[in-house]
Amino acid sequence: MAGFHPELTGRENVYLNGAIMGMAREEIRRKFDEIVDFAGVEDFIDTPIKRYSSGMQVRLGFAVAAHLEPDILLVDEVLAVGDAAFQKKCLGKMGDVAREGRTVIFVSHNTAAVRELCSRALLLDEGRLDFEGTPNETIARYLSRRASATSTAAGNRSGIAILGQFFQGVEHTPYGITVEPGTSFACGVEFEVRDVPDEMWVNLEIFSVEGIRLVHIRNDFDGIQLSVGVGVTRVQVKLENLPLLPHSYTLRFRLVAQYGARMQVTDGPEFPVMVTGQRGEQMRYQAFVRAQHTWDIQQLASRKQGCKGV
């Protein structure tokens, strides 16, 4: 929102920003209605900006910046405000700007939007460049840093402590593991039991980066009873034909133990998993799971017109 003056109205600030960007008044006038409609502030356009809510100011600021055709559009957390409809409009507009050959620098913690919009991503740590790569690679790196920041110290003080997780049949990288869609691999958890529970369950969960649980496997769901004693136990799960589409995910083990009427939950760290694959401009997946399927296409003869209904 650089250039907004709190004492000026929304209308005056639109013209002020255009002038700062070197645009002629007539050019701003041609785009004025489109800007106001995009921001959704028609009823308040002649109200001083200082009376706007923070969300209204951000909406108008983005609308001005996106419609005045800058060579470089810098967008910082604009998707943190506004409803779903406005966020969708923002993503669409940024995509239009990029396709016109102009540069969009999108600053955000919204990993889904970064993955959808960007062809290249940078990870900053305290103002310094930590990693540069594809959106999937950078998101996986970001998730690995976040996972390392959340320790399992709380679980280590209880009757059951997770000692570690392991993976087989995957490619290990400094920021997680990578697998191909449809492949099979094994993962497991080692834990130490100090106080034997009455009953215990091992959960394997896979989440989208938005925190949506996509996979939930538990031993008793498959008729497997778990009997543990004091000491270290190792549990391995083999995932057959992983149905997830190319995206970044997190995987974790959760141990649930019952001690009489008390339940103890011990979570392992969320481990980054990157499902690799090519996603061209026309192949931006809007889902996470690939169902096993086949196609059957037949050319049918045209039906005669004028058939009577029953």
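Trainee: What does the protein chain average in pLDDT?
Mentor: The chain averages a pLDDT of 83, and 87% of the residues score at least 70; pLDDT is the predictor's confidence in each residue, from 0 to 100. This is a predicted model: local features need pLDDT of at least 70, side-chain atom pairs count only at pLDDT 80 or more, and totals for chains, interfaces and linings use all residues. Residues are numbered from 1 along each chain as its sequence is written, and side-chain values use heavy atoms, with hydrogens and water left out.

Trainee: Where does pLDDT stay under 50?
Mentor: Over residues 151–156, for which the model has ten contacts (heavy atoms within 4.5 Å) beyond four places in sequence. Where pLDDT is low, the predicted coordinates should not be read in detail.

Trainee: How many helices and strands are there?
Mentor: The protein chain has seven helices and 14 strands. These are DSSP runs, numbered from the N terminus: helices are H or I with at least four residues, strands are E with at least two.

Trainee: And how much of the protein chain is buried?
Mentor: Of its 310 residues, 41% count as buried. Buried means under 20% relative accessible area, exposed over 50%, partly exposed in between (1.4 Å probe, protein chains only).

Trainee: Which residues have the most contacts inside the largest nonpolar core?
Mentor: Val14, Ile35, Val41, Leu60, Phe62, Met94 and Phe106, in a core of 33 residues. A nonpolar core is a set of buried Ala, Val, Leu, Ile, Met, Phe, Trp, Tyr and Cys residues joined through side-chain atoms within 4.5 Å. Elements giving two or more residues to this core include helix H1 (10–20), helix H2 (25–39) and strand S1 (72–76). Apart from it lies another core, of 31 residues, among them Phe191 and Tyr249.

Trainee: Switching to charges, how many salt bridges does the structure hold?
Mentor: It holds 15 salt bridges, each a side-chain nitrogen of Lys or Arg within 4 Å of a carboxyl oxygen of Asp or Glu. In Asp130 with Arg141, the closest N and O atoms are 3.1 Å apart. That pair links distant parts of the chain, with Asp130 in strand S4 (residues 128–133) and Arg141 in helix H6 (residues 135–149), eleven residues apart.

Trainee: Which residues are linked in a network of salt bridges?
Mentor: Glu205, Arg213, Arg252, Arg254, Asp267 and Glu270. The side chains of Glu270 and Arg252 meet at 3.9 Å, N to O. Glu270 is in the loop between strand S13 (262–267) and strand S14 (271–275), while Arg252 is in strand S12, 18 residues apart.

Trainee: Is Arg252 buried or exposed?
Mentor: Arg252 counts as buried because its relative accessible area is 11%. Glu270 has 27% relative accessibility, so Glu270 counts as partly exposed.

Trainee: How far apart are the closest N and O atoms of Arg254 and Asp267?
Mentor: They are 2.6 Å apart, in a salt bridge. Arg254 lies in strand S12 and Asp267 in strand S13, so the pair ties together parts 13 residues apart in sequence. Arg254 is partly exposed, with a relative accessible area of 25%, and Asp267 counts as partly exposed at 28% relative accessibility.

Trainee: Back to strand S12. Why does Thr250 count as buried?
Mentor: Because its relative accessibility is 2%. Thr250 lies in strand S12 (residues 247–259). Leaving aside neighbours within four places in sequence, the contacts of Thr250 include Leu143, Ile206, Phe207 and Glu270.
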